[in-house]
Amino acid sequence: AAEAAESRLPPGRSAPAAEAGPGGSAAAAARPTRSAPGLRAGDTAGMGLEPLFQAWSYFRRRKFQECADLCSQLLQRPPGEQIFAFYFILIQAAWSLKTRALTEMVYVDEIDMDQEGIAEIILDENAIAQVARPGTSLKLPGTSQGGGPSPAVRPVTQSGRPITGFVRPSTQSGRPSTMEQAIRTPRTALTARPLTSASGGYVRLGTASMLTNPDGPFINLSRLNLAKYAQKPKLAKALFEYIFHHENDVKNALDLAALATEHAQFKDWWWKVQIGKCYYRLGLYREAEKQFKSALKQQDMVDTILYLAKVCLRLDQPVTALNLFKQGLDRFPGEVTLICGIARIYEEMNNISSAADYYKDVLKQDNTHVEAIACIGSNHFYSDQPEIALRFYRRLLQMGVYNCQLFNNLGLCCFYAQQYDMTLSSFERALFLAENEEETADVWYNLGHVAVGIGDLNLAYQCFKLTLVNNNDYAEAYNNLAVLEMRKGQIEQARALLQTASSLAPHMYEPHFNFAILSEKVGDLQRSYTAAQKSEEAFPGHVDTQQLIKQLKEHFAML
């Protein structure tokens, strides 16, 4: 019998919860009265410092634009006016505060910002071994350690790994084997993959200074004396983060960090971590690894362990990264980020059972961790336990996660748990909350599955058609439409749909297998054998494919 593709959107693709910023509580700073803008040298010290406290209060309350504007007013001084000593200190404080405010406006956490471009994927010069041992590489799809559902139950990415229950930057790219697959936009990324990572997530930050200040950049980097600033540690750290995050000028940031760590006599671990970040951004992974290891010897920090593990994963050394995380847990017992890092690596290596165990350990430490709840729920759903998965997704709903993906997953769980009264209402809410056409296509596709489950094939046909209206590259919908056309006897139309599905998603075994069956029925044995081989390559353990290949070989032997 022809096989239909499984429900595509995995439960738990929830948007990550917004993290609390570093600003702290607004109640800690007493709110001063609003004073007149600007500052004159003749003002008294008490009145002159008042706008600076106002700017600091804005910064602590994460009102960064107001903070930067107030600091700009403080920095404006009529030409030829005399500068007193307290005023010079005030200018330094305002300059440093504005630098930090502009940085915070565009700050992106480097630990989770991991976007691989085509150049990094295809032209990777850091390969350790072309034929890695099973279980030691993230690039080989056949590294399953057992305990996880097969591709017949759980959809896989184009790299051969099961789809995760939570969208992260590293799960969106995959590791395609050909340039054609790399150029093709992944369905979950919503935008075309960049040529390099530098042209993707970081390119917008480079023009941020022009946008925040119409007169030009706040700091002219080409005229900056980096050696002078490197001798002032407090100013140098704020300036480095401004250059690195706001201006996206990695070379000048690296120069400043090198001068500053030299001035600190190579004893400041913070500067070594920043040099490692610069090397990582420039693609010099081995040099970055040396800097992070040197920083760890001086000061044991969780962030440094995470950066070092990120370098190991980019060098395709997941076992080394696992050992790093486990050594870190010995020194920082119960650290959630380290346990979550281990779970992610196990999930990417197809070791689903170990990943689920570590995600449960995460919940023991932090029972509101969205990613852990979503991934455990996804694992239960694909392990044929929709009732337990439903409990996890209801927990996310109670925590305030309210988006299309969550209601889509609630609808699927309700349907497979035979709670039909909630199924359609959940999908209706998911359609209402969909933010783009890709999300709408996912919901209509799963509604098509519900229609197939209740036997309404006409409704299923319309739902799959609506899926393709919203997303014309939805390979699973083409495959399932082909199955419905086969039932109607439309052989040629079904073959055309299956060819489209197999070209859009060569990593899926269902279109190849269905095309092989269809070709074998109409007597086209050669095409059937070719498609069956592709199906076996995508899913080596598929019994029906093996039986079909055996039958075709017997036919060829008789000829």
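Predicted model: local features only at pLDDT ≥ 70, side-chain atom pairs only at ≥ 80, totals over all residues.
Residues are numbered from 1 along each chain as its sequence is written, and side-chain values use heavy atoms, without hydrogens and water. Local features need pLDDT of at least 70 and side-chain atom pairs count only at pLDDT 80 or more, while totals for chains, interfaces and linings use all residues.

An unreviewed UniProt entry lists residues 475–508 as "repeat: TPR"; such annotations may be inferred rather than shown by experiment. Over this stretch the chain is 82% helix and 0% strand, with end C-alpha atoms 9 Å apart. Helices are DSSP runs (H or I, at least four residues), numbered from the N terminus.

Helix H24 (residues 491–504) has 14 residues and spans 20 Å from first to last C-alpha, close to the 20 Å expected at 1.5 Å a residue, where the expected span is 1.5 Å times one less than the number of residues. In H24, Ala494, Arg495, Leu497, Leu498, Ala501 and Ser502 are buried (under 20% relative accessible area, 1.4 Å probe, protein chains only). They lie on the same side of H24, because they cover an arc of only 165 degrees around the axis, taken from the directions from the helix axis to the C-beta atoms. Their cover includes helices H23 (475–488), H25 (510–521) and H26.

Ser528 is located in H26 (residues 525–538) and is buried at 0% relative accessible area. Beyond its neighbours within four places in sequence, Ser528 is in contact (heavy atoms within 4.5 Å) with Ala516, Ser519, Glu520, Leu548 and Leu552.

The structure holds zero disulfides (pairs of cysteine sulfur atoms within 2.5 Å). For Cys375, the nearest cysteine sulfur is that of Cys340, 7.5 Å away. Cys375 is buried at 3% relative accessible area, and Cys404 is buried at 2%.

Key:
Helix = DSSP H or I, 4+ residues; strand = E, 2+ residues; numbered from the N terminus. Buried < 20%, exposed > 50% of the residue type's maximum accessible area, 1.4 Å probe, protein only.
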